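Have the viewer ready and try each task before reading on.

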Amino acid sequence: MAERKESWTSLASLLGTLAFCQTFLQLVFPPELRLASLKFLTRALRCFSSYCYFDVAEMDGVNTNELYNSVHLYLSSFASTSASASRLSLTRARNSSVTTFGLSSNDSIADVFDGVAVQWEHAVTQRQSQPSPWRPLSDEKRSFKLRIRKRDKDLILNSYLDYIMGKASDIRRNNQERLIYTNSRSNESRGRPWEAVPFKHPSTFDTLAMDPEKKRDIMEDLRDFAAGQAFYQRTGRAWKRGYLLYGPPGTGKSSMIASMANFLGYDIYDLELTEVPSNSELRKLLMKTSSKSIIVIEDIDCSVNLSNRSKAPKAPAPQSYSDPDAPDAASGGKDWNNNTMTLSGLLNFTDGLWSCCGSERIFVFTTNHIEKLDPALLRSGRMDMHICMSHCSYPALEILLDTYLGSKGEDLGEVAASELREAVEKAKMTPADISEVLIKNRRNKEKAVSELLEVLKARAERNEKYGGLREECKSNRVEEEEQEKRALEESPEEVRDREDNSGKQNEREN
């Protein structure tokens, strides 16, 4: 008992001495000196440490630090699967079914980049400053601390941060709602050339009625484009690509565009050429588009009258002081190309210098009559890949049966499959027409297949019966279009001369 009392007496004396020393130090050394001493000691210890530390604060003055948000998104993307994270925070937005994982306060997580191990710590401390209208008293100071070996700092630091920014951008694009933009002159007058609405088209390559091999080629081409930044920089090419979709109406050109947007996660800019008054306005619209987007011009053969460059009116020559009656180029008359939408302006829009003002953009043109397009629009560099959207084939029909009825080709039986294969090749029906038959009878699979077979056979018989007559009518229609085209290209003087010559010839015959 005496020894225990002596131990307690010694401990109490020691605690009293420590309390006296603490009080003495607080009286002798002011808080500023103690803080400076602590910082000096920390720096001295870091000089002998093999690690260096970097702070990524949430706020950069009064503005949000974009790097902080990117680091937060990047770490949240793999925090749930990391074994080094011992405590995570869970969040879920209103009206959302997605749970987001994040680091809890003062917890850490390990990461590896290019074989180099790093560590992140989420530091949360209370602010020491006085409250203000934009900073409440209970506001917290948040930051991420990056720990990396000194020998690896120059090797990976910049590339690692660039990698984080890129991954965060991809995460934002996948999580955010995709948009479809359209242009109009009324929006331009309000200073907003593009007006956006949410893009919710459900079409995907899985449901697109097209030959599977052709779809695989298109998807592979899109993957190569999206991952080709280094290739385009190395070869000195603008990071863009053009696709021409051509074929009869109802073959799925619009569905193809929606599938491309959903596959890549890109926004869509639906460019209405009839709302573009001049080439300069077209350039302004291009400058207002964002990267990672698809710029679409549908039915380009009939959107606007784009004359051939060789037949376009020449720009007026500058006014000469020796000829006061010469036209003035500065007056900006109707013949001045900058006041009209021309083929040359559209070509520069897709492949000129102005097409390089953004990156990772896709141009998609659609047409029902590829033969009406100027050859300059079709060359590689403008329309790099030509995709024929043809009538429904049997592989495409199998996709439609699976999509609308949930039936595979082998579920139909050999006889029905053989009859459908033969009938669909002769019927030359579009996927839209076949889809309508399946939608109408989607509750009864057997009735849907039997009615579809009847429709296909009827269309095939009609094609065989009226095929020759249709070709003759088509030939006459083409000849009439050629005559009308030649008449439009003639000047009024040429028309009068031709009529006079025709009248004189009739008089001689009479």
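**Exercise 1.** Decide whether Y160 is buried or exposed in this predicted model.

*Solution.* Look up the relative accessible area of Y160, which is 0%. The cut-off for buried is under 20%, so Y160 is buried.

**Exercise 2.** Classify the ring pair of F113 and Y160, then say where its partners sit.

*Solution.* Start with the geometry: the centres are 5.2 Å apart and the planes make an angle of 40°. That makes this aromatic pair tilted. Finally, check burial: both F113 and Y160 are buried.

**Exercise 3.** Find out how many aromatic pairs the whole structure holds, then work through the pair of Y74 and Y160.

*Solution.* A search of the whole structure gives 13 aromatic pairs. For Y74 and Y160, the ring centres lie 6.5 Å apart and the planes stand at 80°. Angles over 60 degrees count as edge-to-face, so that is the class of this pair. Y74 is in helix α3 (residues 66–78) and Y160 in helix α4 (residues 150–175), so the pair ties together parts 86 residues apart in sequence. Y74 is buried too, at a relative accessible area of 5%.

**Exercise 4.** Which residues do ring pairs link into a cluster?

*Solution.* Follow the ring pairs through the cluster: its members are Y68, Y74, F113, W120, F144, Y160 and Y163.

Technical notes
Residues numbered from 1 in each chain as written. Predicted model: local features only at pLDDT ≥ 70, side-chain atom pairs only at ≥ 80, totals over all residues. Heavy atoms only, no water. Phe/Tyr/Trp six-rings, centres within 6.5 Å; stacked < 30°, edge-to-face > 60°. Helix = DSSP H or I, 4+ residues; strand = E, 2+ residues; numbered from the N terminus. Buried < 20%, exposed > 50% of the residue type's maximum accessible area, 1.4 Å probe, protein only.
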